[in-house]
Amino acid sequence: TYRHHLETVRAKVSSRNNLLCRLAGSPWGASTHTLRTSALALVYSAAEYASPAWCRSSHTNKLDTCLNTMRIITGCLRPTPTEFLPVLSGIAPAALRREHHTNSLVNKALSDDNHLLHSTVRESLQLGRQRLPSRNPFCRHAAALRSSPFNATQSWITSWQSTLKPDQLTIQPKSELPPGGNLPRKEWVTLNRIRTGVGRFNYNMYRWGLSPSAACTCGFATQTAAHILNHCPTYRPPVDVDLVDPDQATVNWLRHLPDI
């Protein structure tokens, strides 16, 4: 079942996440491009090694819950829905990345007569009834991928379209950093917390038991990201801000916001 293997990989990924945490900070830290490149090179390379062999295991969630690297890259808080993190960090979800690696292996084996898995993949569509329904071998997975062409980007976009998200989070999934990734660490973190609506707003702090009131400093009953963007006379941006591709006016507004 690859349980022991995935627990070992999880420990390795956790130690590498700790290294990335040393490079990131709230008002300071390495650039977002550096954090993302380091995450792909150190964390995801270990987390996805030989993934076509074990990606069908029922214990993959042990590793997925440890892949909080995207929180480090984006600066998002722990209560942020995990569906938002891949879009903000420009890294596809772990399950889709494993499916992509498996699909690449299937295509490579099918096109090379000398590949060790060539006959397995070639004959996968001719398999009969499975004797043990609880098993999910590679040959069955290869048959499923061959019968319905897999596209990781399109699958990601389709999943994102059906995800519930705030009105201000209108970024589309891409395997690259979204606009704003070149901002300093503080402005980048503030931008992402405004986008997701999960930050140290009084409404959230009150829900978490860290503030005696959910009211805004302007006197409104609840301080949320939507309130700050649209109604707050104290923190509302002076002009229409562009949270998709931040311009200089948006950056100046983010710079003068309190730590959220």
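Tutor: Let us begin with the aromatic rings. A search of the whole structure finds 1 aromatic pair. Rings of Phe, Tyr and Trp (its six-membered ring) pair if their centres lie within 6.5 Å; planes under 30 degrees apart count as stacked, over 60 as edge-to-face and the rest as tilted.

Student: Which rings form the pair, and at what angle are their planes?

Tutor: The rings are those of Phe84 and Trp160; their planes stand at 85 degrees with the centres 6.1 Å apart, so the pair is edge-to-face. Phe84 lies in the loop between helix H5 (69-74) and helix H6 (85-89), whereas Trp160 belongs to helix H10 (residues 152-161), and the pair links distant parts of the chain, 76 residues apart. Helices (H or I, at least four residues) and strands (E, at least two) are DSSP runs, numbered from the N terminus.

Student: On what kind of model do these values rest, and how are residues numbered?

Tutor: This is a predicted model, in which local features need pLDDT of at least 70 and side-chain atom pairs count only at pLDDT 80 or more, while totals for chains, interfaces and linings use all residues. Residues are numbered from 1 along each chain as its sequence is written, and side-chain values use heavy atoms, with hydrogens and water left out.

Student: Are Phe84 and Trp160 buried or exposed?

Tutor: Buried means under 20% relative accessible area, exposed over 50%, and partly exposed in between (1.4 Å probe, protein chains only). Phe84 and Trp160 are both buried. For the protein chain of 260 residues, buried residues make up 43%.

Student: Which residue lies over the face of Trp160?

Tutor: A charge sits over a ring if NZ of Lys or CZ of Arg is within 6 Å of the ring centre and within 35 degrees of the ring normal. Here Lys165 lies over the face of Trp160, at 4.8 Å from the ring centre.

Student: How many helices and strands are there in the protein chain?

Tutor: The protein chain has 14 helices and 0 strands. Its C-alpha trace spans about 70 × 35 × 30 Å along the principal axes. Contact means heavy atoms within 4.5 Å. Of the contacts in the protein chain with a separation of 6 or more, 60% are between residues 24 or more positions apart.

Student: How does one read the packing of two helices?

Tutor: Axes are lines fitted to C-alpha atoms, for helices over the stretch in contact, and angles run from 0 to 180 degrees between N-to-C directions. Angles under 35 degrees count as roughly parallel, over 145 as roughly antiparallel, 65 to 115 as roughly perpendicular and the rest as oblique. The axes of helix H1 (residues 3-23) and helix H2 (residues 32-47) come within 9 Å and cross at roughly 170 degrees. H1 and H2 are therefore roughly antiparallel to each other. Their contact includes Val9, Val13 and Leu20 of H1 and Leu35, Leu42 and Val43 of H2.

Student: How many residues of each class does the contact of H1 with H2 have?

Tutor: Ala, Val, Leu, Ile, Met, Phe, Trp, Tyr, Cys and Pro count as nonpolar, Asp, Glu, Lys and Arg as charged, and the others, Gly among them, as polar. The contact of H1 with H2 has 10 nonpolar, 3 polar and 2 charged residues.

Student: At what angle do H7 and H9 pack?

Tutor: H7 and H9 pack at about 90 degrees, with their axes 10 Å apart. The two helices are therefore roughly perpendicular to each other. Among the residues in contact are Thr102, Val106 and Leu110 of H7 and Phe138, His141 and Leu145 of H9. By class, the residues of this contact divide into 6 nonpolar, 3 polar and 2 charged.

Student: Which residues of helix H9 are buried?

Tutor: In helix H9 (residues 138-147), the buried residues are Phe138, Cys139, His141, Ala142, Ala143 and Leu145. They pack against helix H3 (51-54), helix H7 (94-111) and helix H8 (118-122).

Student: What does Leu110 touch?

Tutor: Leu110 is in helix H7 and counts as partly exposed, at 31% relative accessibility. Not counting residues up to four places away in sequence, Leu110 touches His118, Val121, Arg122 and Arg146.

Student: Where is Ala50 found?

Tutor: Ala50 is found in the loop between H2 and H3. Although not a glycine, Ala50 has a positive phi of about 60 degrees.
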